[in-house]
Each structure stands twice: as C-alpha cells, then as structure tokens.
Protein chains: 2
Amino acid sequence: MKKVLWSALTPAEQQQVLLRPAMAASDSITATVTGIIDRVKTEGDAALKALSAQFDKVELVDIRLSDEAMKQACDSLPASLKTALREAYRNIRSFHAAQVHRPLSVETQPGVLCEMHSRAIEAVGLYIPGGSAPLPSTVLMLGVPAEIAGCGRKVLVSPPPIAPEIVYAASLCGIDEIYQVGGAQAVAALAFGTESVPKVDKIYGPGNSFVTEAKRQVSQAIGGAAIDMPAGPSEVLVIADERANADFIAADLLSQAEHGPDSQVVVVTPSDKLADEVNEALARQLAELSRAGIAEQALDNSIAIVCADMTEAVAISNEYGPEHLIVQTENPRQYLNAIQHAGSVFLGDWTPESVGDYASGTNHVLPTYGYVRTYSSLSLNDFCKRFTVQELTADGLAGLAPIVTAIADAEGLDAHRNAVTVRTQVLENKNGGGS
Amino acid sequence: MKKVLWSALTPAEQQQVLLRPAMAASDSITATVTGIIDRVKTEGDAALKALSAQFDKVELVDIRLSDEAMKQACDSLPASLKTALREAYRNIRSFHAAQVHRPLSVETQPGVLCEMHSRAIEAVGLYIPGGSAPLPSTVLMLGVPAEIAGCGRKVLVSPPPIAPEIVYAASLCGIDEIYQVGGAQAVAALAFGTESVPKVDKIYGPGNSFVTEAKRQVSQAIGGAAIDMPAGPSEVLVIADERANADFIAADLLSQAEHGPDSQVVVVTPSDKLADEVNEALARQLAELSRAGIAEQALDNSIAIVCADMTEAVAISNEYGPEHLIVQTENPRQYLNAIQHAGSVFLGDWTPESVGDYASGTNHVLPTYGYVRTYSSLSLNDFCKRFTVQELTADGLAGLAPIVTAIADAEGLDAHRNAVTVRTQVLENKNGGGS
C-alpha cells in the first residue's frame, strides 16, 4: 500500500488522499433496472421466472422455498456450523434486545402529557446476496432485529440456489418465508408484490450494483418501499500507535480487502516504522489467501498515512468517516469521545473487525462512503417507527390555550385558534354556570 | 363532506375511499428544479441573487441576515407573542430533552463488550417556508431538537423578507445563522454550499412542491445532503364515538383543512347521527374563517365514514395511516395499543390537533401520505446518528474465536478467519510458553 506523510501534503492534497472513488450507477445499470422493475410490476411471477432463467440460469418451478426444502437444508448442515450460528445469534440477539424502545412520557406543563411510542414495521423484506460465498451472517444481522421488533411478516429473498446455511440462519430468526429470487427483480417483487411474493413496507440488506440501484429506485417510487440506507463499497480505517502489532493490522486490512476490489483500506499512524512493518506483513499474509487476487486489487487503492500524533490521527479518521474504525493503541478508550464519524468502532488489540462482522453482537450493516455523517449503524430502531401521543386534561387545555391562540394568530390560521376556543368556551360556560 | 357507510362498500370500494390523490412532481417541476440546482452549484451566490429576484421579487444585497437586522426583528415583536413563543419553546424543549440517547453497554459473552453511542449531526439546514403566513412554530420544531442534539452548525433559510417572528423563534433556539433565500435554490445552497451559505449534512423542514422536489433530488445526489423525510399533503383522521362533541370535531377538521386545498380530512365514527352533526357544524364554522376558500376546497375531498364499532374504526384508521389521529371517545387510551400507524395521536376531547402543532411539546413535523408505515415523527434521533463500539479482552477473543472462524469458513473468507487466528496464536504462544 502507498505511504504518505500527512504534514508534507497541502490541504488540497490531504483532501485528495481521503477522497473516495466516484460512485454512481451507470446509465446502463439505471435503465436496465428500470426495465426489470417495470416488467416485474406488470408480469409478476412470470417475470421473476424469466429473469431468474436469464440471470441466474435457474428454471424455477416454485418461487417460494417449501417447508420440506427448508427442513432438508437445515438437516444437511454440519453440527459445528449450526452451533457457531446459534452462538452468534445469541450474542446479536442479546445486544439488539437491549435496544428496545422504552415508552417515553413527559408532563410538559400541568395537564399536558406528551408521550412517544414505538411499533414494529409490519412487513419487512430481507435481501441476502447469493453467489460463491453465501452470507448467513447477514441473515442474522437483518433477521434478529426484525424478530425482536416483532415485524408481522419477515420475507427473505436470495438468488437460487439458496445455500443451506442461509436457510438455517433464517430459521433461527423465525423466518419461514423464503423466496428463491435475487437481483433487481427480487427487490421489485418485494416493493410491489407479485402473485407469490408479498409486498413489504421496507427492504434491507446488501447487494450488487443492480440490487443497490433497484433499492434506490423503489425507495423513490410512490407505492414502493422504504430502504435501510444508501449503499457503498465496504471500508476500514485503522488508527495505530507505535506499539501496535503489524501482523494484527495487516490481517485486519486484508479481511476488509478480500470483500471486493473496490474495498477501501486506510491506516493512520504516527509511526513511520509501523507503516513499513504493516506493508511487509501485508505482503507475507496476502500470499496465503484464497481471495488474494481480490484483496490485491483493493490494496492498490489503499493508503498508509503517517501523521504527527494520535490527536491528528483521530482528526483524519473523522474527516474520512470510515464504516469500520479499528483503534489499536494503548488505552484506546481515551479516544472514544473524540470519535465523531464512524459506523462501528473496534477498540484494542483483541478486537478485529471480523468479530463484529459475525458474532460480537453488533450489527454489520453499516453506513459507508461517508454516510456515517448522517446515517446510523443498523439497529432495532430501523425495524420500528415511533409516534407521539398527547393527552390534555380540560385544565391542561385551559393553561395551554393562550400560547396556542397567540401563535395561531401570528400564523394567520383562524381554524387552529378555533379548535382551542370552541373548547375553552364550553369550559367557561360550565364554570360560569355556577357564578 | 361526503358520508359513506363502510359496511355497504365492497373491499375494493373501501380501498378506493382511503386512497390518497396521486402525488408526483410533474416533469416540468423536476426539470426546473434540476436546472436551479445546477445553476446554484456552478454560479453560487450570484445564482441565489438572480433567482431571488426572479421568484421572490427581492433584490438581495446580503444573503445572510446581519446581527443588527436580527436584533431589530426581535425588538419589533409584540411582548405577548414573544411570551407565547418562549412558553411553546419550553414545552417542546422539555419533551425533546427527554429523548436524549443513553449510551448502551452489553457484555454479550464474557470479555465481549458491545456499546451504542450517539453523536450530533455536525451541520444541519432548517428550511422555513415564507409567504403570507410565516411559521415560527416550524422554527421551534426544527431548532429545538437541533439545539438539544448539539449540532455544531444550525443554518436557517427562508424566503425574503423574513418575518420577525421567525427570527425571534430562531434566536430562542440559539440559531444565529439565517440566510434570506428560499425555494429550490435555498435547498441547493444548503446541499452544496455557496460563497455565503455553508454546505450542511442534512436538510429539514416543509416547503412547496419545488422545495420538496429539490430536497428529493439533493438527497439522491452524491455529495448532496440527507433529508428528514419524504413530504406529502397534511392529513387528519378523527375517530369519534356517539358522545363526541360535533363542534369540537368540526373545528379540528377545519384546522387541518385550512392548511391547503390538498389537505386530507377524514372522520370515522359508528354514529350516523354524529356524522350528520359534524357536517352541520362544519357549515356553520366554515363561514367565519378567513381561509374559508382554502378549507372548502380541502373539504370537497374529505369523507365521513360510518362504521360498525370502535374496533372497526381503529382498523380503518390503521389502514389509512394518518399523519394526525384524533381520538374523541370515552376512555380514548383503551385504543392506544391497537393503533399501529399514525404520526401523532391526540387523545380525548380536550386535545385538539393545534396544541400539537404549536405548544404541547411534541413535534409537528410528521410523516404523511402513508409514510407512517415506515417513518417516525421527527425527534431528537433525526439530529443524531448512532454508532456501535466493541471491545474484547484477550480471553473474550479466545472465547469468541471458534464462532468467528466457523462462520468465516462457511463464507469462504480466509482473511476474516486470519484476523482472529493471528491473534489467538499469539495468545497460545504466550500461554504455551509456561507449560
């Protein structure tokens, strides 16, 4: 990876170093996806079957996975993998269950009660990528919060053939509705419904550029579906001091780099020596990876930044706003308050990113591409919506009336005033009746 | 308003009754807004001045409101209105302060600590509509949570000339950056920045169809800005039993109807008699309103639904998913658990919608147009983002390692496995050294 000395760069060059590669769906992808969505809307299941034959080379008979097929898939999985998935499920469940919204109630002034309540989103669609390496971990990251929230309908879609580990992870989360369809056509089916696939309210999960573009388009369509968050390539930034272990850092960088050629990998350290050691360790470790080709392409765009001190390291990290931030320093917790922009933070030498990817309990669906500035880590929140409630006593309304009528007058909204005075007049007549 | 008997309708007719009017920006608005955004991106302040001259008929010298102008505006406001705005501010602040995120910490298994932390969004842009009736209440609804969250930069934009009540409400929320620019050009300036107007991370607030379309476009643009929620016409649904006061209901319906000709107004009641009384009360009250013309147009599209009982009334309300839901029944709280989809709920005879619009303490920025199915009432949450943190001890990693490596193997991600084993090997060597 390329090494730069931060202090030797002009501000413009510094900005350039942290710039992510341009990302936008090509016009051709946009048009293809629009065509697929239109076709699914008009032809329904027939379109799903035709598109699966075209893109996935699979002739679907039943789009929905049968109970029997689900049972067979679960039975076929090695016990050791089942145990690992169950234990990961338990940790993810434990952390997400702690996020349950507690109803909020405040008497803002006498007789004026304001509350906030939460409800599960009724029907959710979970997109799980397929291909050579199935991702059961992503099933847990989407399925667990949907289960805890109590979403009435949890619909999983994934390109055929669906791997048994995906089916087993789904069953752990109480998901019994699995459809063997992927790509933009699966997103369209979830957003608008077909004969087989039910329409859902919100769609979650990662996917290739067609899936991403389809999610974007249906989220903008009237009568479409909401989506979890905008997508981008996966990223890691490691902050390390001179005492950090270069092998650990290299392993963390490679675990990000192997995701795809567009993965972003950054190290920030005040130690020039460490930066060199990490580069050496990368070369050693890379040779042994099955996905070395992918990781090598990602490392071509990666960068080691040698900065003045830890304060500057944190500032550079905040400027970049990484999806994953690993802090391998003495007493890493001291920097937590200064961290402003990150998707998930990994503190200390014994906390590699892969624990969060799978099993620590945190969610691995995170904002990337700088969206951490405004978006949050996926959480139970995203499977619920919150509404407010207010309840006034007659005295409460009488107390609030002068405030409401004064502002209604200022805004020129008579009927807003009347809705209060029609009531206070009744109260005055009632009270006046005895005098 | 039109009256329908629910049981006399077919399911398709029932769906039709609850259907909202089609809403989509016309191609002409979309293109105009795209042109305005491009122009602001390339010409900056010059474009803002030219477009303000064209659309607002104002020749701007300074885009930013001076401290002196802010002081003069505040001084010019009647004391009674200042008092009302301060008291509304106090209630809104009290309810939103109770929403502050408490850091979450869970040890999911021994030595594996997972946390969730919250940070304010750094720079926020607050759009306040101008025109004949300035909306200081909206300033409070956006400014108070931004102030409590601790957003580093709070930028308010509003079409010139900016009314003194807007300036005063802004000053209550600690906003000292006000720009005299409105419309799509203001949204573009907030999203991309100009010489005068700073770029912000997220844009909030209501506006006309040009503002709405501009928010939509910049939220989809790379390097643009996030937005609070999709927009739609304002709505109210009133559930009432036979003992409800028809005058109260009519006043509530009119306070919604006067917002605009596209306002949606629905009453659901098991009492045919009440439905007729509401209609009579509407006619009486309408005559006295200054905005009677607007309200009358809205009432043309409104509907009274006579249903079988309260259970059905709540089911119809859930099917519609109103922005505002008023429940004027005996013991209204008994229905709260059954309410699934609403933006804000008003319980009982003494809780008109206008208290929530201004001063009860809840936020009046709410999802409309059925977006309540997936979106929440605006809250402190929307001015913050949350990230997770994990910290493992060496023993914690050793305990988690078998789970992570088993799943990494299943997903075919060697480097994910290595990031764990490179560490556990160090631990084993350390422990093994003594045996």
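The following legends describe close-up views of a predicted model. Local features need pLDDT of at least 70, side-chain atom pairs count only at pLDDT 80 or more, and totals for chains, interfaces and linings use all residues. Residues are numbered from 1 along each chain as its sequence is written, chains are lettered from A in the order in which they are written, and side-chain values use heavy atoms, with hydrogens and water left out.

**View 1. Domains of chain A.** Chain A is divided into domain 1 (2-21 + 232-361), domain 2 (27-99 + 121-230) and domain 3 (393-432), with bounds from an automatic or database domain assignment. Between the C-alpha centres of domain 1 of chain A and domain 3 of chain A lie 60 Å.

**View 2. Packing of helices H6(A) and H7(A).** Helix H6 (residues 136-149) of chain A packs against helix H7 (residues 164-172) of chain A at an angle of about 20°, and their axes are 9 Å apart. H6(A) is therefore roughly parallel to H7(A) (angles under 35 degrees count as roughly parallel). Helices are DSSP runs of H or I with at least four residues, and axes are lines fitted to C-alpha atoms over the stretch in contact.

**View 3. Residues between H6(A) and H7(A).** Pro136(A), Val139(A), Leu140(A) and Glu147(A) of H6(A) meet Glu165(A), Ile166(A), Ala169(A), Ala170(A) and Leu172(A) of H7(A); contact means heavy atoms within 4.5 Å. The residues of this contact comprise seven nonpolar, no polar and two charged.

View 4. The same surface serves both copies, as 100% of the contact residues of chain B recur in chain A.

Conventions
Axes fitted to C-alpha atoms, helices over the stretch in contact; angles between N-to-C directions. Helix = DSSP H or I, 4+ residues; strand = E, 2+ residues; numbered from the N terminus. Parallel < 35°, antiparallel > 145°, perpendicular 65-115°, else oblique. Nonpolar A, V, L, I, M, F, W, Y, C, P; charged D, E, K, R; others polar.
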